[in-house]
Amino acid sequence: MPVTPDYRTGLEKRIDKLSRSINVLRTDIEEMEVPELKGILGRYAAAFTGFFSYWVAASKEAVKTPHAKKLLGKNLLEEIEGNHPQMLFDFVRSAGVLPEAKDFQDIDKEVRHLNKVFASLSPVKAAIITAVLEATAVDDMKYLAAIAKKLGSKNFTYTTVHGELDLEHTEELLQATESEMRNRHSKLRRGGIDPEKEIKRDIATAVSAVGRLLKKIIKPGSEIGRRG
Ligand SMILES: [Fe+2]
């Protein structure tokens, strides 16, 4: 019986590459003006307050293997029980930020694209997107906390809770993704389709969809002058 390719290592390499390209975009906080700092928090909150729990829920619905469903279900329960959307909203509000219309507009294209991928109910792509969001969140939390601190915030519950949880979540969601990739591999092979080509394409689509959003949050182009 042919051996299933090591998709997880391939995915992890892509996530590392994405993390590096995102980190390059992060401007030193000391060099940024208040409107820029507020913009990052505003766009992050605009994307994640309303959508993150939904994306986890959508992934849970999309995945097929019981292992992945269980892990995503656990994640979703933590989101709900811990009231994470409210926690995020309180975190940015404490830094003097409320997401504005411009924040939603700035990330609209990227969020729409992600939502479209979820709507396709592709189990592999959905699982990958949530895994990548968790994997990149570790660096995000440090950056967001430093920005909030500079803006005078005293509420770091969101970044502390997520900085601690996300390493564990990343491992769980990578495992969920692995189950789905293996499952899809067998299915495609049974259908006479080249599984490697398809799964590599899924990985590329899902990782780049997340990357586009995260990069837009960090660097949307010129925004100075929009906030006081
Ligand atoms: Fe969360």
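## Contacts and burial in a predicted model

Visitor: Leaving aside its neighbours within four places in sequence, which residues is Ile129 in contact with?

Guide: Residues are numbered from 1 along each chain as its sequence is written. The model is predicted, so that local features need pLDDT of at least 70 and side-chain atom pairs count only at pLDDT 80 or more, while totals for chains, interfaces and linings use all residues. Two residues are in contact if their C-beta atoms, placed from the backbone, lie within 7 Å. With the neighbours within four places in sequence set aside, the contacts of Ile129 are Trp55, Ser59, Leu114, Val117, Ala206, Ala209 and Val210.

Visitor: Which residues of the largest nonpolar core touch the most other members?

Guide: A nonpolar core is a set of buried Ala, Val, Leu, Ile, Met, Phe, Trp, Tyr and Cys residues joined through C-beta atoms within 7 Å; a residue is buried if 20 or more other C-beta atoms lie within 10 Å of its own, exposed if 12 or fewer, and partly exposed in between. In soluble globular proteins, nonpolar side chains tend to be buried together. The largest core here has 58 residues, and those touching the most other members are Leu41, Ala127, Ile128, Ile129, Val132, Ala206 and Val210.

Visitor: From which helix does the largest share of this core come?

Guide: Helices are DSSP runs (H or I, at least four residues), numbered from the N terminus. At least two residues of this core are supplied by each of α1 (7–25), α2, α3 (66–81), α4 (84–94), α5, α6 (123–150), α7 (157–190) and α8 (195–218). The largest share, 14 residues, comes from α6.

Visitor: Helices α2 and α5 pack together; how are they oriented to each other?

Guide: Axes are lines fitted to C-alpha atoms, for helices over the stretch in contact, with angles running from 0 to 180 degrees between N-to-C directions. Helix α2 (residues 34–62) and helix α5 (residues 101–119) have axes 10 Å apart, at an angle of about 5°. Because angles under 35 degrees count as roughly parallel, α2 and α5 are roughly parallel.

Visitor: How do the residues of the contact of α2 with α5 divide into nonpolar, polar and charged?

Guide: On the α2 side the contact is made by Gly42, Arg43, Ala46, Ala47, Phe51, Trp55, Ala58 and Ala62, and on the α5 side by Asp103, Phe104, Asp106, Ile107, Val111 and Phe118. Ala, Val, Leu, Ile, Met, Phe, Trp, Tyr, Cys and Pro count as nonpolar, Asp, Glu, Lys and Arg as charged, and the others, Gly among them, as polar. The division is 10 nonpolar, 1 polar and 3 charged.

Visitor: Which helices do the buried residues of α5 pack against?

Guide: The buried residues of α5 are Asp103, Asp106, Ile107, Glu110, Val111, Leu114, Val117 and Phe118. These buried residues pack against α2, α6 and α8.

Visitor: Is Lys60 buried or exposed?

Guide: Lys60 is found in helix α2, and, leaving aside neighbours within four places in sequence, Lys60 is in contact with Lys69, Leu72, Gly73 and Leu76. The C-alpha atoms of Lys60 and Gly73, 13 residues apart along the chain, are separated by 6.3 Å. Because Lys60 has 22 C-beta neighbours inside 10 Å, this residue counts as buried.

Visitor: What is the phi of Leu121?

Guide: Leu121 sits in the loop between α5 and α6, and with 14 C-beta neighbours inside 10 Å this residue counts as partly exposed. Although Leu121 is not a glycine, its phi is positive, at about 55°.

Note on methods. Angles under 35 degrees count as roughly parallel, over 145 as roughly antiparallel, 65 to 115 as roughly perpendicular and the rest as oblique.
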